[in-house]
Amino acid sequence: MRIGEVCLLTRDVPRLAEFYRKLLDAAPGEDKDNQVHQFVLAEETALTVMGDETPRTGQSAVLAFTVENMDAAFAKVRALGAEILEEPQKRPWGAVNMSFRDPDGNVVYFRCFMKEQQEL
């Protein structure tokens, strides 16, 4: 068994889907104008954004993406205007992590497993 899809629920499908397309360098699909459901990534594990008007009192999911170049990823997140929670920090196990909020307030982590990558 494997994870087939991660779905983000939102009140503004086009806005959140566009944020993730820009963040992940994903091309818009045929559903880019759909107000209810859009695929952002449609690979082995899909990332989708789906409309949901249910009131929420707290966050129920966190996303984590592995990136190859943390400096470039951090610059992209800043350029998109995301709220930075933690700037890139080297962890004792050798990875570099950063975290930020997407436009709906979901926490997103970027992680880079250092080999010959820059020192922070």
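Q38 is buried, with a relative accessibility of 0%. The structure is a predicted model, and Q38 sits in its strand β2. Elsewhere, three aromatic pairs are counted, and the largest nonpolar core has 26 residues.

**Q38 and its surroundings**

- The side chain of Q38 makes a polar contact with the side chain of R21, at 2.9 Å.
- Leaving out residues up to four places away in sequence, Q38 touches V13, P14, A17, R21, D31, K32, D33, L47, T48 and V49.
- Strand β2, which holds Q38, is joined to β3 by five bridges, and β2 and β3 run antiparallel.
- A42 stands opposite A46, a residue of β3.

**The three-stranded sheet**

- β1, β3 and β2 form an open sheet in the order β1-β3-β2, and the pairing is mixed.
- β1 (5–10) and β2 (37–42) are the edge strands; each has a single partner strand, so one side of each is left without a neighbour in the sheet.
- On average, neighbouring strands of this sheet are turned by 20° against each other, direction ignored.
- Helix α1 lies across β1, β2 and β3 and runs at about 10° to β2.

**Aromatic pairs**

- A pair of aromatic rings is described by the distance of the centres and the angle of the planes.
- The count of aromatic pairs is three.
- F19 and Y20 have ring centres 5.2 Å apart and planes at 85°; planes over 60 degrees apart count as edge-to-face, so this pair is edge-to-face.
- Both partners are buried: F19 has a relative accessible area of 7%, and Y20 has a relative accessibility of 0%.
- F65 and F110 also form an edge-to-face pair, with 6.1 Å centre to centre and 80° between the planes.
- F65 belongs to strand β4 (residues 62–66) and F110 to strand β7 (residues 107–113), so their pair ties together parts that are 45 residues apart in sequence.
- F65 is buried at a relative accessible area of 17%, and F110 is buried at 3% relative accessibility.
- Ring pairs link F65, F100 and F110 into a cluster.

**Strands β4 and β7**

- β4 and β7 pair in the parallel sense, over five bridges.

**The nonpolar core**

- Within the largest nonpolar core, of 26 residues, Y20, F100 and F110 have the most contacts.
- α1 (13–24), β3 (46–51), β4, α2 (70–79), β6 (95–101) and β7 each supply at least two residues of this core.
- α1 gives the most to this core, with six residues.
- F100, with its neighbours within four places in sequence left aside, is in contact with F19, L23, V77, A82, E83, I84, L85, N106, V107, V108 and F110.

Terms used: Residues numbered from 1 in each chain as written. Predicted model: local features only at pLDDT ≥ 70, side-chain atom pairs only at ≥ 80, totals over all residues. Heavy atoms only, no water. Phe/Tyr/Trp six-rings, centres within 6.5 Å; stacked < 30°, edge-to-face > 60°. Buried < 20%, exposed > 50% of the residue type's maximum accessible area, 1.4 Å probe, protein only. Helix = DSSP H or I, 4+ residues; strand = E, 2+ residues; numbered from the N terminus. Pairing = 2+ DSSP bridges. Core = buried A, V, L, I, M, F, W, Y, C linked by side-chain atoms within 4.5 Å. Contact = heavy atoms within 4.5 Å. Axes fitted to C-alpha atoms, helices over the stretch in contact; angles between N-to-C directions. Polar contact = N/O pair within 3.5 Å; in protein donor to acceptor, adjacent residues only side chain to side chain.
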